[in-house]
Amino acid sequence: MRKRTTSAWRSAAAVCALLLTAAGCGSDDDGKAAHAPGKLGKGEGKVNIIAWAGYAEDGSNDPQADWVHPFEKKTGCKVDTKTAGTSDEMVSLMKTGQYDTVSASGDATLRLIASGDAAPVNTKLVPNYKDIFPALKQQPFNSKDGRMYGIPHGRGANLLMYRTDKVKPAPDSWRAVFDDAAAHNGRVTAYDSPIYIADAALYLMRAKPSLGIKNPYALDKKQLDAAVTLLKKQHKAIGEYWSDYQKEITAFKGGDSVIGTTWQVIANLTQAEKAPVKAVLPKEGATGWSDTWMVSAKAEHPNCAYKWLDWIVSPKVNAQVAEYFGEAPANRKACAETSDPNHCAVFHADDEKYFQRVHFWTTPIKQCLDGRKNTTCTDYAQWTRAWTEVKG
Amino acid sequence: MRRAGAGGGAGGARLRLAALLGPPLLWLTLAYLGSLAVLLLSAFWTTDSFTSDVVRTWNTDNIQELLTTPVYRTIALRTLAIAVAVTLLDALLALPMAFCMARVASPRWRRPLLVAVLTPLWASYLVKAYAWRVMLSEDGVVNSLLSPLGLHGPGYGTPAVVLVLAYLWLPYMILPVYAALERLPERTLEASADLGAGTWRTLRSVVLPAVRPALFAGSVFTFSLSLGDYITVQIVGGKTQLLGNAIASQVTLDLPMAAALSAVPVVLIVCYLAAVRRAGALDAL
């Protein structure tokens with residue numbers, strides 16, 4: 001009997017040891033030294049995409065918006081799209097290695113490059129790259145050491161959406177969701193991600209100049225605390241947070257949310273559902289995104305991924321996406337292809353002055369992004385914890 | 001070992017038994033307990049703050065942060081309170097329903113009623129949760145039914161979470177209670193009546209003690225399922241944050257912290273199971 005017990009213990013110990021070594025070995029084989037392909041081969045017949053809502057439309061939301069089926073027909077690559085709600089979701093999905101390409105925003109790109117989950121892109125293999133606005137090429141958020149890690153897709157601002165029948169007068173400032181949020185108690189909404197802290201910081205840049213915030217993604221401890229205090233105050237008036245765009249649409253349609261941050265595409269879809277909403281760019285400017293199609297370092301279908309990259313920034317398709325999503329296209333030739341000839345002017349596609357007012361999502365890191373040397377800034381892990389605290 | 005070798009036939013049977021039980025037991029230890037062990041172990045690791053890759057250096061920072069940060073305590077207590085509320089609500093609803101099914105309805109009706117209770121389990125969890133989201137919305141069915149009475153629905157928030165979770169897990173409570181009530185011999189109820197006990201007395205002194213283990217068994221489901229839920233709360237919870245949400249928001253960026261957080265429901269459920277076991281409810285499962 002005693003013997004059996006010891007042998008049971010021994011095998012249990014062996015199992016544990018096995019698990020430990022298995023767990024210990026897993027980390028070292030990350031593809032840190034990913035290479036860009038020199039030339040492309042035949043398509044693999046399939047491509048797995050992670051995209052923001054509205055970036056890979058196959059006509060199921062709006063029969064007019066379909067650039068996936070033409071792509072499948074042209075290249076023979078069947079598209080499998082996974083829609084992600086936040087950059088964090090994109091990063092974690094990319095870590096699974098099951099996806100070939102992702103439409104990453106600036107708060108995900110650097111993390112993907114640093115962790116080796118994204119591979120450098122050989123821009124020669126993407127013929128349409130030459131027509132991308134120069135201001136989007138070789139940017140700190142999509143390149144490293146002079147090598148592009150993706151193809152720029154488009155950019156835009158996070159807007160303020162409100163129900164025209166419930167919010168009067170029409171708001172023109174983020175004050176409506178911060179200091180004046182109590183006016184719509186329980187009906188205010190906000191984006192459910194730590195990156196939303198930057199929206200509060202952006203508001204504080206104007207509302208409390210004494211804090212000295214120069215860049216909403218470069219916050220020292222004191223500045224982060226001020227933003228958290230503001231967000232905690234906002235929390236009292238929040239009805240619900242959103243990260244799923246469908247959820248925001250139903251909330252605005254049903255009147256559960258009447259004011260809060262949004263994307264142009266959500267505003268369009270909500271209007272299409274006959275809800276009286278409007279989206280504006282407040283006078284403080286806004287946070288925003290500049291998105292890049294990146295290729296996974298572990299891509300199983302790299303050829304189809306490159307075909308997709310070239311397809312999505314080709315003038316016609318880039319124009320379609322930009323109009324559907326409500327953003328500035330990355331390809332300057334796209335401006336001639338939009339159904340609304342003024343689209344590029346409305347969305348300031350080549351207006352660099354305008355985009356200086358839009359603070360693109362960037363991953364906050366310890367080295368202050370605004371160039372301050374005498375202090376350390378709060379990093380994204382701290383933002384994540386602060387966000388949990390805000391939601392309480 | 002010696003005993004196994006004693007009789008040839010017994011040894012063969014033993015071997016067959018080992019072969020039969022080996023794979024499931026291995027599955028249980030490796031896939032279940034093993035992954036749980038790795039999970040709890042990773043709570044003692046840390047992450048690279050920029051790439052959010054796990055760095056395997058041993059430290060107790062996460063546990064310390066978990067125990068000292070007030071917000072985690074708030075979230076844990078809120079989650080516990082919701083799980084308890086859901087369990088109580090389900091017990092209150094399941095008792096009369098199961099009693100009707102097992103005792104009041106004619107035997108011909110029992111099976112259809114049982115099927116009716118089980119049918120919601122066939123529909124997807126998400127569909128049901130979203131259906132409640134639509135019903136509870138500002139201009140949804142609940143509000144339009146209540147408005148003639150001058151009342152207003154709960155809207156999205158903690159009460160909605162309790163309501164929807166109670167709805168989702170109700171069949172898990174009804175089933176064991178129904179089984180216990182059905183097994184209850186008619187004779188005991190008659191004996192109780194013969195001895196002069198009224199309906200309430202019979203219910204309290206005969207029926208309740210008989211179904212108590214079943215109630216506990218059902219509560220194991222409702223309690224543990226509620227404790228781990230994070231989808232329903234995202235759909236109807238408004239801004240409510242539960243343990244599951246805190247874990248989900250950390251899991252992409254800070255896996256070790258998420259692991260430390262997930263130790264909380266594990267501990268709570270183990271404590272609950274221990275308490276329930278003392279009450280003898282696990283025998284009824």
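Student: How many residues does the contact take from chain B and from chain A?
Tutor: The contact takes 31 residues from chain B and 32 residues from chain A, where two residues are in contact if their C-beta atoms, placed from the backbone, lie within 7 Å. Keep in mind that this is a predicted model: local features need pLDDT of at least 70, side-chain atom pairs count only at pLDDT 80 or more, and totals for chains, interfaces and linings use all residues. Residues are numbered from 1 along each chain as its sequence is written, while chains are lettered from A and ligands numbered from 1 in the order in which they are written.

Student: Which elements give two or more residues to the side of chain B that touches chain A?
Tutor: Those are α2 (8-42), α4 (70-104) and α12 (243-251) of chain B. Helices (H or I, at least four residues) and strands (E, at least two) are DSSP runs, numbered from the N terminus.

Student: And which one has the largest share?
Tutor: That is α2(B), with five residues.

Student: Switching topic, what are the domains of chain A?
Tutor: Domain 1 covers 46-156 + 289-356 and domain 2 covers 159-262 + 363-391; the bounds come from an automatic or database domain assignment.

Student: How far apart are the centres of domain 1 and domain 2 of chain A?
Tutor: Their C-alpha centres lie 26 Å apart. The contact between them takes eight residues from domain 1 of chain A and six residues from domain 2 of chain A.

Student: Which elements give two or more residues on the domain 1 side?
Tutor: On the side that touches domain 2, they are α3 (87-95) and α4 (106-114) of chain A.
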